[in-house]
Amino acid sequence: MCGIVGYAGTAAANEILLKGLERLEYRGYDSAGIALVNGDGVHVYKEKGRIAILRDSMDQAQPGPVGIGHTRWATHGAPSQVNAHPHQSRSGRFTLVHNGVIENYEYVQREYLADVEMVSDTDTEIIVQLIEKFANEDGMQTEEAFRKTLSLLKGSYATALLDELNPETIYVGKNKSPLLVGLADGVNVVASDAMAMLQVTNEFVEIMDGEMVIVTRDDVQIKSVDGDTVTRDSYIAEIDSTDIEKGTYPHFMLKEIEEQPFTMRNIITKYKDENENIKLDEHIRQAVLDADRIYIIAAGTSFNAGLVGKEMIEKIAQIPVETHIASEFLYNMPILSQNPLFIFISQSGETADCRGVLVNVKELGHKTLTITNVPGSTLSREADYTLHTYAGPEIAVASTKAYTAQMAVLAILSVDTARAKGIEIDFDPMQQLGIVANAMDIFMEKKDELEQMARDYLSVTRNCFYIGRGMDYHVCMEASLKLKEISYIQAEGFAGGELKHGTIALIEEGTPVVGLATQESVHLNLRGNMKEVVARGANPLMISMEGFEEADDKIVIPRVHELFTPLVSVIPMQFIAYYAALHRGCDVDKPRNLAKSVTVE
Ligand code: M6R
């Protein structure tokens, strides 16, 4: 979703800000803009569409050493040049970018700005107009006007402000939306995430909700809501900048699919101690042991991983688990058990729906654990505990390696808990993850076959169904999400036995149906369900596991432990979705309407 960058230094800010915005592209956006301070004031450049268009429009821009930039994912007002950020106050003195949603913007406009004609349809514009009003009419200094304005806002914001009269300063405010300040020698920067400014620094300071920051090239002052100075240690973002480049790959998604065997091996290393035991924080172990019920909260692909996690924890550690969609749980909390543990699964650690639940359950005094790929993220900082998925930056909007990494960590957590409870486990999770990594490797060699299947089944179809039972059903939900989000084919994952209760009506001559059968107790039932759809004209693509395979199966995954099958069976599904999108001419890494990091509810 929206992304922010800011630069206060000595070099020309143009290129640094453009590069920063390009590194935020993965979050999803539909317009972009930059405000540059140079000798004769603040200059705003903004365009609808890709950053490349903005770059072209800045061809003649006069370089300056201070600036702010923004990628916008439209919420209030259509994607357009006028709604793109930065927005300026009526006189042009103040220029502002904003990420988040101002819930009371109509009220603020009515109460304070009735005499100001708004230029855009955004919720953002009222912020910059109000700052100018307080500065002009009430004679406030910029910092005071900014603080007063922020105090009137309800909702979420990460925002950066330029004042033409103080051109060396960037004023920053944050509430609920992510924002970091980066530190370097004679340069300080602002960014929605560390990746955006790695070209300048890897040293960052977190900003907490309600805080304001005054950033110049030589100084960073963090201030509390009351204006008191706050001191906070910086941290080093451990991201290798090569991890966020595509290298020789045509798409990040393909790179990330292929990184999965490495990620599995990385997770083994990170979660194993020198005695080959599971390495886990004792407090996390205890929190899981203390729980009488676990509530997994997540969205999208992470929710699908949570469905598999439920099976793993219940079957291995014997603790009841409920997996909930974060946005549903937020406004419909079920009756909770006496001692619940909340596990938030989130690749980005920034998903606003999850954060809403986290804030609520913390208020109720419950213990919280975040499983994330970004340890410094909001959900990681705000939960009691964090487990890192060690997948490396995931840039493609379609989540692949984060999904398998989340399930791998959930498997380790399940076994650790089982052992701590004295439950006998007849397999070693690290060994199983090694087997999984080897099984994944096999598919990396079968890309051509999978590409051909994508051509055969999905080149022209308008819909596609995935059916499975038990764990396989959860993988089918993930496979269908992957296909629909990047290829725009209407795809649905169903429980094999449920089709005949309605959905089978959609099967027509030639409708592709992918069947997944890796679970001993239900694989024959699933084959029965496949026969039902084939009898009605479906074009079947059967995926099974060694030991359960039949002659016509198109894909047979290598034998792995039954509870680990999702980590392997999803790989051919990811490849097929990738190639289907590619052959249909879709923008694989940046699918329409989607954002990587969903920071608004
Ligand atoms: O960062 P998160 O894991 O919290 O994100 C949740 C979903 O937005 C995300 O998984 C989304 O569904 C992906 N685009 C799926 O590929």
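## Ground rules

Helices (H or I, at least four residues) and strands (E, at least two) are DSSP runs, numbered from the N terminus. What you have here is a predicted model, where local features need pLDDT of at least 70 and side-chain atom pairs count only at pLDDT 80 or more, while totals for chains, interfaces and linings use all residues. Residues are numbered from 1 along each chain as its sequence is written, and side-chain values use heavy atoms, with hydrogens and water left out.

## Who surrounds the ligand

There are 15 residues around the ligand (a heavy atom within 4 Å), and Ser302, Ser346, Ser348, Thr351 and Glu485 come nearest. By type, that shell splits into eight polar, five nonpolar and two charged residues (Gly goes with the polar ones).

Two helices, α9 (300–317) and α16 (471–487), each put at least two residues into the shell. The ligand lies between domain 2 (246–444) and domain 3 (446–590), because both give residues to its shell; the domain bounds come from an automatic or database assignment.

## Polar contacts and burial

Now for the polar contacts (N or O pairs within 3.5 Å). The side chain of Thr351 has an N or O atom 2.4 Å from a ligand oxygen. From the backbone, a polar atom of Ser399 sits 2.8 Å from an oxygen of the ligand, and an N or O atom of Thr301 is 3.0 Å from a ligand oxygen. Taken alone, the ligand exposes 410 Å², and the protein buries 91% of that (Shrake-Rupley, 1.4 Å probe).

Look at the loop between β4 (66–72) and β5 (87–88), which holds Pro86: the peptide bond from His85 to Pro86 is cis, with omega near 5°.

Lys176 is in the loop between β8 (170–175) and β9 (180–184). Lys176 isn't a glycine, yet its phi is positive, at about 75°.

Terms used:
Polar contact = N/O pair within 3.5 Å; in protein donor to acceptor, adjacent residues only side chain to side chain.
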